[in-house]
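Below is a short briefing on one protein chain. Look through the sequence and the structure before reading the points.

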Amino acid sequence: MTTIATQAAGLAGARAGTSPSNITSAGAPLRIGAVALTVRDLDRVSRFYQEVAGLRPIELSADRHQLGAGERVLLDLRHDPAAVLADRREAGLFHTAFLLPRRSDLADWVRHAADTGVRIQGASDHLVSEALYLDDPEGNGIEIYWDRPSESWGWDEKGFVEMATRRLDLPGLAREETGRPFAGLPDGTIVGHVHLQVGDLDAAERFYAGLVGFEVTTHYPGATFLGAGRYHHHIGTNVWNSRGAGPRTAGRTGLAEVGLVATPELLASIAPRLGAAASERGFVAQDPWGTSLRFSAA
């Protein structure tokens, strides 16, 4: 169970200079499942996620495309042709981050992106990870990344994970290419984290740490990062575009729902804090900006 006590123990370990191995997003007691987006042009957006991002179709219908890697659904595209394009100044999605198993997988994806001529909007070394950024055709942010082994992560004197935004070593990454034809994102790819635009960082921390139970892993200018199981972050919140934003306007494109997966014990403890009744099927809650969170048992 993620509690203040386990948070304190984790931070104490970090202060002591320990850097445990095998910390992963997927191994945390509370983590991301799938992300749902509302889109106006379902076929166009779905084709982008398949042909550019590298997801594969899992289940397709006239008004919904579920895409993923292997047999795991990672992205749920929901068609609403009447939806108004989301305003980047509103609360909502900053990006969905697809976590690849190996550095060579990221290198192969970069080669694929170069070959297809996709516009990359950013490429960063975050110390704990290497990442590239792009937008889908309706402006939804995407991150494609891999994690460095957790034993290489640094922790500061306050017990926060050390993260930065540095230039990505693209030539070094290119040396990891396998040379195999790109066949989509590999089995084992997951949604490692979701980064949200919020109206207020303190309110976001009170909700995602105080009520949901994530641990604050670090603060960054204009942003807070939160994770479980000492992972560097499952949820990012920022006010870079959205400072002061109120609840999201209904009928917009963009983030429809974030799926969160928790151990049964943790799920039972989260539900009453959010005023929900836990069941075998989980429950749904909303953050202060109207972002829907669907909790389910691992």
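The model is predicted: local features need pLDDT of at least 70, side-chain atom pairs count only at pLDDT 80 or more, and totals for chains, interfaces and linings use all residues. Residues are numbered from 1 along each chain as its sequence is written, and side-chain values use heavy atoms, with hydrogens and water left out.

The buried residues of helix 5 pack against strand 10 (190–197), strand 12 (223–227), strand 13 (235–238), strand 15 (283–286) and strand 16 (292–297). Helices (H or I, at least four residues) and strands (E, at least two) are DSSP runs, numbered from the N terminus. Buried means under 20% relative accessible area, exposed over 50%, and partly exposed in between (1.4 Å probe, protein chains only). Contact means heavy atoms within 4.5 Å.

**Helix 5**

- Helix 5 covers residues 201–211, and its buried residues are Leu 201, Ala 203, Ala 204, Phe 207 and Tyr 208.
- Seen down the axis of helix 5, these buried residues fall within an arc of 165 degrees, so they line one face of the helix. The arc is that of the directions from the helix axis to the C-beta atoms.
- At the start of helix 5, a side-chain oxygen of Asp 200 comes to within 3.1 Å of the backbone nitrogen of Asp 202.
- Gly 213, which follows helix 5, has a positive phi, near 110 degrees.

**Helix 6**

- In helix 6 (residues 264–273), the residues Leu 266, Leu 267, Ser 269, Ile 270 and Ala 271 are buried.
- The cover over the buried residues of helix 6 includes strand 1, helix 5, strand 14 (254–262), strand 15 and strand 16.

**Nonpolar cores**

- A nonpolar core is a set of buried Ala, Val, Leu, Ile, Met, Phe, Trp, Tyr and Cys residues joined through side-chain atoms within 4.5 Å.
- The largest nonpolar core has 68 residues, and Tyr 49 and Phe 295 are those with the most contacts inside it. Helix 2 (residues 42–53) gives the largest share of this core, six residues.
- Not counting residues up to four places away in sequence, Phe 295 touches residues including Val 212, Leu 260, Leu 267, Ile 270 and Phe 283.
- In soluble globular proteins, nonpolar side chains tend to be buried together.

**The largest pocket**

- About 340 Å³ of space lies in the largest pocket.
- On a 1 Å grid over the protein atoms alone, a pocket is an open set of points where a 1.4 Å probe fits, with protein on both sides within 12 Å along at least five of seven lines; lining residues have an atom within 4 Å of a point. Grid points are joined across faces, edges and corners, and a volume is the space filled by probe spheres set on the points.
- The largest pocket is lined by 24 residues, and the closest to its centre are Phe 94, His 95, His 126, Tyr 133 and His 195.
- Strand 7 supplies the largest share of the lining, four residues.
- Strand 5 (92–100), strand 6, strand 7, strand 8 (141–147) and strand 10 each supply at least two residues of this lining.

**Positive phi outside glycine**

- Asn 22, a residue other than glycine, has a positive phi near 65 degrees. Asn 22 sits in the loop between helix 1 (4–15) and strand 1 (30–39), and Asn 22 is exposed, at 68% relative accessible area.
- Leu 127, also a residue other than glycine, has a positive phi near 75 degrees. Leu 127 lies in the loop between strand 6 (122–125) and strand 7 (129–135), and Leu 127 is partly exposed, at 26% relative accessible area.

**Single residues**

- His 65 lies in strand 3 (residues 64–69) and counts as buried at 9% relative accessibility.
- The side chain of His 65 makes a polar contact with the side chain of Ser 46 (2.8 Å). A polar contact is a pair of N or O atoms within 3.5 Å; within protein, one must be able to donate a hydrogen and the other to accept it, and residues adjacent in sequence count only if both atoms are side-chain atoms.
- Ser 152 is in the loop between strand 8 and strand 9 (166–167), and its side chain reaches the backbone oxygen of Pro 149 at 2.7 Å.
- Pro 288 is in the loop between strand 15 and strand 16, and Pro 288 counts as partly exposed at 40% relative accessibility.
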